[in-house]
Amino acid sequence: MVTDYGLIDKVTAYRPEADVHLIRRALELSAEAHAGQRRATGHPYLKHPVEVAEILTQLRMDEATIVAALLHDTLEDTHFTREQIVTEFGEEIAYLVDGVTKIDKLRLINREQAQADSFRKMLVSMARDVRVILIKLADRLHNMRTLAPLPDEKRQRIAQETLEIYAPIANRLGLGWIKVELEDLCLRYLKAEIYFSLVKQVAAGKKVRDEYIQGVRTLVEREIERVNIPAEVVGRSKHMYSIYQKMTSRNLELGQVYDLSGIRIITDTKMHCYALLGIIHSVWQPIPGKFKDYIAVPKSNGYQSLHTTVVCEGGKRVEFQVRTRDMHRVAEEGIAAHWKYKEGGPIDAAGDDAFRWLRQILEWQQEVADGKQFLDALKVDLFSDSVFAYTKNGELLEMPRGSTVLDFAFAIHTELGLHCVGASVDGKLVSPRHVLKNGQTVEVLTSNDQFPSRDWIGFLKTSRARSAVKHWTKQEERRRTIDVGRKVLAREIRRQGHSPEQVLADLPKALAALGVGEEQLYSEVGYGKRSIGEVLAHLLPEARVRPSFKERIMMRIGKRDGAVVIQGEDVMVHLAGCCRPIPGDEIIGHVKRGKGLVVHVSDCSRLEQLDFDPELMVEVVWDAHPSSPHAVPVRVFTRDRTGVLGRVSSAIADAKANISHAQIHTTEDRKACFNLTIEVDHVRHLQRVIRAVERLPDVLEMHRVRGE
């Protein structure tokens with residue numbers, strides 16, 4: 001018999017009615033499928049799916065989830081098929097296994113694009129059944145726990161991916177303990193020197209802190225007993241990644257982080273939470289600005305608690321968290337704490353507030369064709385802190401911190417955002433760029449004469465708003481090019497001495513011969529993808545069409561069919577200085593008198609200001625094998641430490657990039673800013689450089705500079 005490592009006992013401890021036979025059958029099939037396989041740790045492969053299932057028992061998941069966890073790698077790594085799983089275990093379990101398998105299939109040539117498409121599928125699967133992502137999180141947690149034997153490069157990649165995607169998703173789902181462990185493990189492998197230094201320093205002062213917190217606990221318990229409120233008082237410690245974040249964001253040393261330890265009070269009712277808060281504030285002086293009421297205004301993941309920081313004995317600061325038992329269960333188990341299952345599968349949670357953020361993401365992801373763009377925007381949304389604002393009707397909306405009036409308008413409705421001219425915020429008129437603060441009431445003002453501009457993308461914070469603006473400008477650009485194409489064709493027909501109305505009566509025949517629709521033809525003419533001469537050859541066979549200015553430029557560049565291939569700057573091709581495109585960027589070209597073909601990044605904010613004729617736009621692509629490096633301006637923010645410039649320079653050199661220009665200055669808050677120009681081969685090369693630099697202990701941020 002296959003050993004279950006105590007798994008079945010753990011399931012039946014919280015679910016006595018569980019189908020033990022089903023779990024044993026899954027164990028047997030998983031053992032058969034993975035027979036002879038071993039992990040990098042040296043353990044039999046079966047131990048991994050069992051450990052994943054055990055993690056899910058801590059969330060008290062149903063047996064379908066446990067069975068799917070035991071089978072989650074069978075479709076990916078063994079000869080077993082989906083049909084076999086359906087036959088053995090039914091469609092529900094097969095869907096869960098298949099959902100996780102699709103997430104992990106990254107075996108395409110372009111790994112970044114495959115990863116992006118995979119996460120898009122993950123969110124769609126998650127919207128249908130949240131158990132898919134719970135299995136994936138458990139899988140990733142066990143993989144992070146057993147990461148040590150892998151090569152350093154692979155450890156770094158997996159840890160970075162976990163920090164950017166899986167830890168934030170665990171946070172969004174309210175899975176506090178999973179988020180904490182993932183973040184600490186990521187810090188261990190991404191910044192090992194810092195991690196082990198923090199562990200050592202925190203451990204050195206632990207005894208003193210524990211004694212102090214115990215003294216505060218004793219005093220609190222005495223006060224609570226006096227008023228006869230049922231409550232449990234426990235100590236809590238800040239985890240390593242949280243300490244690291246606080247030190248980094250506020251430029252602090254460990255000794256300046258006062259809330260390494262705190263106290264949590266768990267009671268029975270919401271009313272008692274506020275009563276206990278009153279007791280704490282009557283005993284110790286609260287610190288202004290350090291009180292947060294997440295009971296009245298819960299976090300987006302359902303988290304509820306009262307937070308307050310007070311000055312206790314000896315002038316030391318202590319943070320208190322006060323919550324009910326139900327709130328504590330949700331804080332630890334998140335979505336799993338209030339997701340119940342019925343016999344036919346999960347209850348539909350389409351109206352559940354905990355999934356509001358997911359529904360919003362799924363709405364705009366349908367408008368984003370590029371998977372990489374979607375993943376980048378998702379990372380921003382997952383990492384952002386929240387700001388809460390009210391509509392004039394009293395509805396509370398949650399958005400990423402830093403969101404503007406325009407973001408708020410798009411959050412209500414796309415049409416409202418497209419025509420937004422400003423807002424009344426707490427009775428005061430403000431512009432669309434106004435950044436919102438918590439608790440403000442916003443009434444959006446619109447005008448039918450207002451339309452989006454590419455410039456909006458520069459200050460919009462939410463993915464939904466940016467996606468809507470990009471979609472609108474793309475549609476508007478297409479409408480304009482269709483109009484330009486129609487006018488250009490009519491003008492050339494008149495130049496040939498004919499009436500456009502009479503000649504275009506035969507357009508359907510020309511469309512059939514060319515194999516396109518009417519709008520597509522006009523769009524291609526407007527964009528310059530199809531020459532007027534080619535169209536008139538079907539409408540006016542005897543016509544002699546003089547090449548346009550644009551066509552003459554294209555002939556000089558050497559374009560015949562398809563897009564112009566960009567290798568770098570030459571006599572007739574110039575890379576725009578405003579956005580500095582490099583290979584890998586999405587690009588667009590336009591013909592400019594005196595310069596030839598000028599190439600911009602497709603979302604360059606200067607394109608609208610240039611007011612160029614869409615008739616002069618050109619389709620351009622990068623050469624698959626760039627011959628020379630491209631200069632890119634970047635900015636690096638660091639703590640002002642001795643030798644930090646040398647470490648940054650070495651990291652850039654180790655990433656096979658060269659610094660061609662450097663300008664350095666320091667700020668009053670003891671930070672340093674390096675404005676560098678580095679030479680890279682393509683976007684992926686730049687991303688590798690940024691990752692290498694951001695791993696350095698004193699580096700706060702590095703980003704590409706555009707439009708300066």
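Ser523 is found in helix H25 (residues 518-527) of this predicted model, where helices are DSSP runs of H or I with at least four residues, strands are DSSP runs of E with at least two, and both are numbered from the N terminus. With a relative accessible area of 5%, Ser523 is buried; here buried means under 20% relative accessible area, exposed over 50%, and partly exposed in between, for a 1.4 Å probe and protein chains only. Not counting residues up to four places away in sequence, Ser523 touches Arg478, Thr481 and Ile482, contact being heavy atoms within 4.5 Å.

Residues are numbered from 1 along each chain as its sequence is written, and side-chain values use heavy atoms, with hydrogens and water left out. Because the model is predicted, local features need pLDDT of at least 70 and side-chain atom pairs count only at pLDDT 80 or more, while totals for chains, interfaces and linings use all residues.

Taken as a whole, the protein has 30 helices and 23 strands. Of its 708 residues, 52% are buried. Among contacts with a separation of 6 or more, 66% are between residues 24 or more positions apart.

Helix H20 (residues 405-412) is a clear case of burial: six of its eight residues are buried, so H20 is largely enclosed by the rest of the structure. The residues concerned are Val405, Leu406, Asp407, Phe408, Ala409 and Phe410. In helix H16 (residues 325-333), the buried residues are Met327, Val330, Ala331 and Glu333. After H16 comes Gly334, with a positive phi near 60 degrees.

Positive phi values also turn up at residues other than glycine. One of them is Arg60, with phi near 60 degrees; Arg60 belongs to the loop between helix H3 (47-57) and helix H4 (63-71), and its relative accessible area of 48% makes it partly exposed. Asp426 has phi near 55 degrees, again positive in a residue other than glycine, and is placed in the loop between strand E11 (420-425) and strand E12 (428-430).

Turning to helix packing, the axes of helix H9 (residues 131-145) and helix H11 (residues 176-190) come within 10 Å and cross at roughly 35 degrees. These axes are lines fitted to C-alpha atoms, for helices over the stretch in contact, and angles run from 0 to 180 degrees between N-to-C directions. The crossing of H9 and H11 is left-handed, a label used if the near helix is turned anticlockwise from the far one by less than a right angle, with right-handed for clockwise. On the H9 side, the contact involves Arg140, Leu141, Met144 and Arg145; these meet Trp177, Ile178, Glu181, Leu182, Leu185, Cys186 and Tyr189 of H11. By class, the contact of H9 with H11 comprises eight nonpolar, no polar and three charged residues, where Ala, Val, Leu, Ile, Met, Phe, Trp, Tyr, Cys and Pro count as nonpolar, Asp, Glu, Lys and Arg as charged, and the others, Gly among them, as polar.

Asn143 also lies in helix H9 and, at 19% relative accessibility, counts as buried. Leaving aside neighbours within four places in sequence, Asn143 is in contact with Arg39 and His48. Its C-alpha is 9.1 Å from that of Val52, although Asn143 and Val52 are 91 residues apart in sequence. Arg39 in turn lies over the face of Tyr45, at 5.9 Å from the ring centre; a charge sits over a ring if NZ of Lys or CZ of Arg is within 6 Å of the ring centre and within 35 degrees of the ring normal. Likewise, the charged end of Lys316 sits over the ring of Tyr212, 4.8 Å from its centre.

Five aromatic pairs are present in the structure. Rings of Phe, Tyr and Trp (its six-membered ring) pair if their centres lie within 6.5 Å; planes under 30 degrees apart count as stacked, over 60 as edge-to-face and the rest as tilted. The ring centres of Tyr195 and Phe196 are 5.0 Å apart and the planes are at 80 degrees, so this pair is edge-to-face. Tyr195 is buried at 15% relative accessible area, whereas Phe196 is partly exposed at 45%. Trp284 and Phe320 form a stacked pair, 5.7 Å centre to centre with 25 degrees between the planes. This pair links distant parts of the chain, 36 residues apart: Trp284 is in the loop between helix H15 (270-283) and strand E3 (285-286), and Phe320 is in strand E6 (residues 317-324). Trp284 is buried at 6% relative accessibility, and Phe320 is buried at 0%.
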